[in-house]
Amino acid sequence: MKINFKVLALTATMIFTPVMAQADDKFDAWVVDFKKDAARKGISEKTVNQAMAGVRPIPRIIELDRKQPEGTMTFAKYQKRVINDARVAQGRRLYKQHRTLLDATAKKYGVPAQYIVSLWGIETSYGNNTGGFGVVPALATLAYDGRRSSYFRKELINALKIIDAGHISHSKMKGSWAGAMGQNQFMPSSFHAYAVDGNNDGKRNIWTSLPDVFASTANYLSKSGWKEDQKWGRRVRIPAHFTKNMIGLKVKHDLKTWKKLGVTLLGGQDIPVVAGMKASIVAPDGVKGSTYLVYGNYRVIMKWNKSTYFATSVGLLADQIAQ
Ligand SMILES: [Ca+2]
């Protein structure tokens, strides 16, 4: 059957135009109200007008927001995807290449360099995949959309404050569809709380300045309670009799107790015991999967991203980069 596309297109236009026009009016009204709010919060008229000019809701972002990608994948599969050989090799190479800067940053903030590199690798493949969305239109889309409006509206205000302060222009402020920005994927609120001007040029540039990216990551971990002399945790073997209620971040014991309970290194050797240090057992794929003894720094990584898959991978990749 031959379909007359012209007629179809015309019919579609006739059906959808009034609805779209209505949606446009509604969005325009939202922008007017938002601009007033932004002005009340001290953002200059020039910044607001320039950044919001031509901004329209992006349907693709709503589509992505409705999808829930996590939850079905096992940790074993996630780990293979996130920590592949290429990523480890590149992490080691970049650590060597930026050694002076990374070591100086590590020393200043008390966060070993391999964790800075690991987060960089996992968040954006070392700056190669920072997300191609304009942060302002992305956040405006999500702030206008009903699902988490108030959160994203605040983030949009925070994003405009960053532009207003001159750290980046609105056209260069790129990020993920959800507004996570630059090489370490800070949300605008995290930028205000943790971003640092590592190269002292007066700008906190987490998009293209590595001194700023590294310092900002290290500062985030440091301010979140990182303990320089401790690892994140380690892979361990748990006895077969361990039940579900001995596992998870809510169950904390000191290392001596875990040792007594039969937790060992993978080869069966004793776990190192440091007096007063508390730890939990994490089993992302259940007791039959790989199990990890995790310390306070693991909880710090979870402040960055509240996912055991994420935190365990950051720790494991950091270990491999440091090897
Ligand atoms: Ca800077």
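Where does Asn-84 lie relative to helix H4 and helix H5? I found Asn-84 in the loop between H4 (75–82) and H5 (85–97); helices here are DSSP runs of H or I of at least four residues, strands are runs of E of at least two, and both are numbered from the N terminus.

**Entry 1: the model.** I note that this is a predicted model, in which local features need pLDDT of at least 70, side-chain atom pairs count only at pLDDT 80 or more, and totals for chains, interfaces and linings use all residues. Residues are numbered from 1 along each chain as its sequence is written. I looked up the overall make-up and recorded 14 helices and six strands. The C-alpha atoms fill a box of roughly 75 × 60 × 35 Å along the principal axes. Of the 323 residues, 35% count as buried (20 or more other C-beta atoms within 10 Å of the residue's own; exposed is 12 or fewer, partly exposed in between, with C-beta atoms placed from the backbone). Taking contacts between residues at least 6 apart in sequence, I recorded that 68% join residues at least 24 apart (a contact has C-beta atoms, placed from the backbone, within 7 Å).

**Entry 2: strand E5.** Why is strand E5 (residues 278–282) described as largely enclosed by the rest of the structure? I noted that it is because four of its five residues are buried. E5 runs antiparallel to strand E4 (residues 248–254), joined by three bridges; pairing requires at least two DSSP bridges between two strands. Asp-254 stands opposite Lys-278 of E5. I also found E5 paired with strand E6 (residues 291–294), again antiparallel and over three bridges. Here Val-282 has Tyr-292 in E6 as its bridge partner.

**Entry 3: helices H8 and H9.** I looked up how H8 (residues 135–144) and H9 (residues 149–164) pack: their axes come within 8 Å and cross at roughly 155° (axes are lines fitted to C-alpha atoms over the stretch in contact, with angles from 0 to 180 degrees between N-to-C directions). That makes H8 roughly antiparallel to H9, a term for angles over 145 degrees. The residues that meet include Val-135 and Leu-139 in H8 and Phe-152 and Leu-156 in H9. By class, I recorded nine nonpolar, one polar and two charged residues in this contact (nonpolar: Ala, Val, Leu, Ile, Met, Phe, Trp, Tyr, Cys and Pro; charged: Asp, Glu, Lys and Arg; polar: the others, Gly among them).

Methods: Contact = placed C-beta atoms within 7 Å. Parallel < 35°, antiparallel > 145°, perpendicular 65-115°, else oblique.
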